[in-house]
Amino acid sequence: GLKMVLRQFEDALSTVGIQRIASLGKPFDPSEHEAVQHVQTDEVPPGVVAQELRAGYRWQDRLIRPALVVVAKAPAPAAATEGEA
């Protein structure tokens, strides 16, 4: 029931020209995204949106609300152990 209502709401928004911004897995774009955190991961390349916290929307070519996202960064290099010199 709730999924159906959400789908109807999104359909109503699209009829007036409001589109959701697809951000997950896309390169970070400061004109569409607002980065609130960086996360070290090797699951996605650095500079790519790893998680979307809040969806962003645009109306025609105007940004209504930027998407709040978490951006991936390269994992820190492993610290050298004491045995290595």
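# Salt bridges, sheets and a helix

Q: What do the side chains of Glu52 and Arg20 form where they meet?
A: The side chains of Glu52 and Arg20 form a salt bridge, with 2.7 Å from N to O. It links distant parts of the chain: Glu52 belongs to strand E3 (residues 49-54) and Arg20 to strand E1 (residues 18-21), 32 residues apart. A salt bridge here is a side-chain nitrogen of Lys or Arg within 4 Å of a carboxyl oxygen of Asp or Glu. Helices (H or I, at least four residues) and strands (E, at least two) are DSSP runs, numbered from the N terminus.

Q: What kind of model is this?
A: This is a predicted model, in which local features need pLDDT of at least 70 and side-chain atom pairs count only at pLDDT 80 or more, while totals for chains, interfaces and linings use all residues. Residues are numbered from 1 along each chain as its sequence is written, and side-chain values use heavy atoms, with hydrogens and water left out.

Q: Back to the pair. How exposed is Glu52?
A: Glu52 is partly exposed, at 24% relative accessible area. Arg20 is also classed as partly exposed, at 47%. The classes are buried under 20% relative accessible area, exposed over 50%, and partly exposed in between (1.4 Å probe, protein chains only).

Q: How many salt bridges does the whole structure have?
A: The search finds two.

Q: Which residue does Arg58 bridge to?
A: Glu32, with the closest N and O atoms 3.0 Å apart. That pair also joins distant parts of the chain, since Arg58 is in strand E4 (residues 56-59) and Glu32 in the loop between E1 and strand E2 (33-40), 26 residues apart.

Q: What else does Arg58 touch?
A: Leaving out residues up to four places away in sequence, Arg58 touches Gly17, Ile18, Gln19, Ile21, Glu32, Leu63 and Ile64. Contact means heavy atoms within 4.5 Å. A polar atom of the Arg58 side chain also lies 3.2 Å from the backbone oxygen of Asp61.

Q: How do E2 and E6 run, parallel or antiparallel?
A: Parallel, joined by seven bridges, with E6 covering residues 67-73. One example is His33, whose bridge partner in E6 is Ala67. On the other pairing, E3 and E6 are antiparallel over four bridges, and Glu52 has Val69 as its bridge partner in E6.

Q: Is E6 enclosed or open, and why?
A: E6 is largely enclosed by the rest of the structure, because six of its seven residues are buried.

Q: What is His38 in contact with?
A: His38, in strand E2, is in contact with Val70, Val71 and Lys73, leaving aside neighbours within four places in sequence. The C-alpha atoms of His38 and Val71 are 4.8 Å apart, although the two residues are 33 apart along the chain.

Q: And the antiparallel sheet, what is its order?
A: E1-E4-E5, again an open sheet of three strands. E1 and E5 are its edge strands, each pairing on one side only. Its neighbouring strands are turned by 35 degrees on average, direction ignored. Four bridges join E1 to E4, where Arg20 has Tyr57 as its bridge partner.

Q: How long is H1?
A: Helix H1 (residues 2-15) has 14 residues and reaches 20 Å from first C-alpha to last, close to the expected 20 Å. The expected span is 1.5 Å times one less than the number of residues. Gly17, which follows H1, has a positive phi near 95 degrees.

Q: Which residue other than glycine has positive phi?
A: Gln60 does, with phi near 55 degrees. Gln60 sits in the loop between E4 and strand E5 (62-65) and counts as exposed at 55% relative accessibility.

Definitions and conventions
Two strands pair if DSSP finds at least two bridges between them. Axes are lines fitted to C-alpha atoms, for helices over the stretch in contact, and angles run from 0 to 180 degrees between N-to-C directions. A polar contact is a pair of N or O atoms within 3.5 Å; within protein, one must be able to donate a hydrogen and the other to accept it, and residues adjacent in sequence count only if both atoms are side-chain atoms.
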